[in-house]
Structure formats: C-alpha cells, structure tokens
Amino acid sequence: MPTFRRTLDIYQGYNYKKDKQTPVGFITKLKLGDTALTADQTCKDPTNPTTDLKVVAVLSDIQWETGVTDAIYFAGQVSITNKQSLLTLVYTSMTNVLAEFQFSVYDYDPLAKKYFLCFHSNQTDMKGILEKNGDELNLAVADDASTQVQSPENYAATTGIKPQPTAQALQIAVGDGKNFAKAWGLTVG
C-alpha cells in the first residue's frame with residue numbers, strides 16, 4: 001500500500017509568506033481521553049491568507065500508511081498550555097485512551113499556482129484511539145522549547161492515533177481539485 005507522508009514547514013506554518021510554497025499542516029482540534037487541548041495558536045490559512053486559523057498544533061510531519069486500520073502519526077509544535085496538558089497525560093495513568101481530532105495539511109499546486117488541502121479530516125471529528133508502543137502510549141512532548149520558531153514559545157509533541165471501530169473517511173488530494181476520500185476505520189458488529 002502507498003504511504004501518505006509530508007514533512008511540513010513549521011516556520012511557514014507560524015509565519016506565512018506568500019512567496020514561499022512549502023507544505024504546512026495543523027491540528028485544529030484534539031481531545032485525548034477527557035482532556036481537550038486548546039486551539040490557542042493563531043496561524044494563517046494558506047488557501048486564504050487574510051483568514052486566521054486557531055490551531056492546537058503546527059505540524060512538522062504527518063504519516064499514514066493508507067490502510068483502513070493504520071494509525072496516523074502526527075509530529076508538531078504545541079503551546080506551553082498544551083505542553084502542560086500533554087505532560088499531565090503522559091505522567092498519569094490514562095484510563096480513557098479515546099481521541100477525537102481534526103486536522104488539515106496543505107500543499108502547493110504549481111500548475112494551479114495556489115495552495116490546496118492535500119490531507120484532511122474535512123472539518124469532521126475523527127474518532128481514534130491512542131496507539132501503544134509496547135506498554136506505553138504513543139504520546140510524547142519535549143521538555144525544552146523549540147529553537148526553530150522562538151515566538152510564540154512552542155514545544156515539539158508527537159502521537160499516533162489508530163481509528164476507533166467505526167467507518168470514517170479521510171480526504172486526500174494530489175493537486176487542486178484532484179481529491180478523493182479514503183476509508184479510515186471499520187465498523188465492527
């Protein structure tokens with residue numbers, strides 16, 4: 001199966017420049033267990049740079065093996081508030097490992113000469129389960145602030161989320177207007 005993977009430009013995510021055409025991505029909603037992270041970072045929508053986006057994380061990397069039960073792996077930058085919330089989850093025993101999230105990844109189409117959504121949840125709450133690596137949940141956050149973008153202060157965080165047993169759809173595009181849906185999760189029962 002093919003893999004969807006993008007290395008994303010954190011600097012462009014935080015500091016949109018119209019003459020730069022690198023891929024960017026954001027987690028716009030994230031709830032882990034009973035903890036809802038705050039969309040407390042303001043970034044520009046690359047498809048409409050006059051519009052602000054409130055985001056939980058500015059992504060540096062995203063990967064999905066495109067299988068219906070495969071996890072989506074996120075790496076990105078979170079605020080101090082969300083770092084503290086994530087560390088609380090990391091250091092305590094999470095009994096509720098359900099995840100609910102929305103995300104959007106943008107790429108630049110050189111033929112259309114504009115940004116487009118290349119991988120996203122279509123503003124729909126995706127329902128997942130935190131992935132485990134052995135006995136540990138696949139959830140981590142850095143202790144030290146990022147030096148790549150220093151203002152606002154932000155911290156690297158990573159997670160892997162597998163789908164809950166319900167049929168859902170993720171949206172993929174290979175160019176502006178060249179999009180399709182891929183199944184994520186199976187309905188059991």
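The protein chain holds 2 helices and 16 strands; helices (H or I, at least four residues) and strands (E, at least two) are DSSP runs, numbered from the N terminus. Its radius of gyration is 16 Å, close to the 16 Å that the globule rule gives for 189 residues, so the chain is as compact as a globular protein of that length. Here the radius is taken over C-alpha atoms, and the rule is 2.2 Å times the number of residues to the power 0.38.

Keep in mind that this is a predicted model, in which local features need pLDDT of at least 70 and side-chain atom pairs count only at pLDDT 80 or more, while totals for chains, interfaces and linings use all residues. Residues are numbered from 1 along each chain as its sequence is written, and side-chain values use heavy atoms, with hydrogens and water left out.

Seen along the principal axes, the C-alpha atoms fill a box of roughly 45 × 40 × 25 Å. Of the 189 residues, 46% count as buried; buried means under 20% relative accessible area, exposed over 50%, and partly exposed in between (1.4 Å probe, protein chains only). Among contacts with a separation of 6 or more, 63% come from residues 24 or more positions apart, where contact means heavy atoms within 4.5 Å.

Now step inside. The largest nonpolar core has 36 residues, and those with the most contacts inside it are L32, I62, I72, F74, F101, F103 and F119. Such a core is a set of buried Ala, Val, Leu, Ile, Met, Phe, Trp, Tyr and Cys residues joined through side-chain atoms within 4.5 Å. Apart from it lies another core, of 11 residues, among them F26, V55, Y115 and V149.

Next, look at N138, in the loop between β12 (136–137) and β13 (139–141). Is N138 buried or exposed? N138 is buried, because its relative accessible area is 12%. Leaving aside neighbours within four places in sequence, N138 is in contact with Y73, L130, E131, K132, N133, T158, T159 and G160.

Finally, find T81 in helix α2 (residues 80–91). With a relative accessible area of 43%, T81 is partly exposed. Although T81 and L37 are 44 residues apart along the chain, their C-alpha atoms are separated by 8.4 Å.
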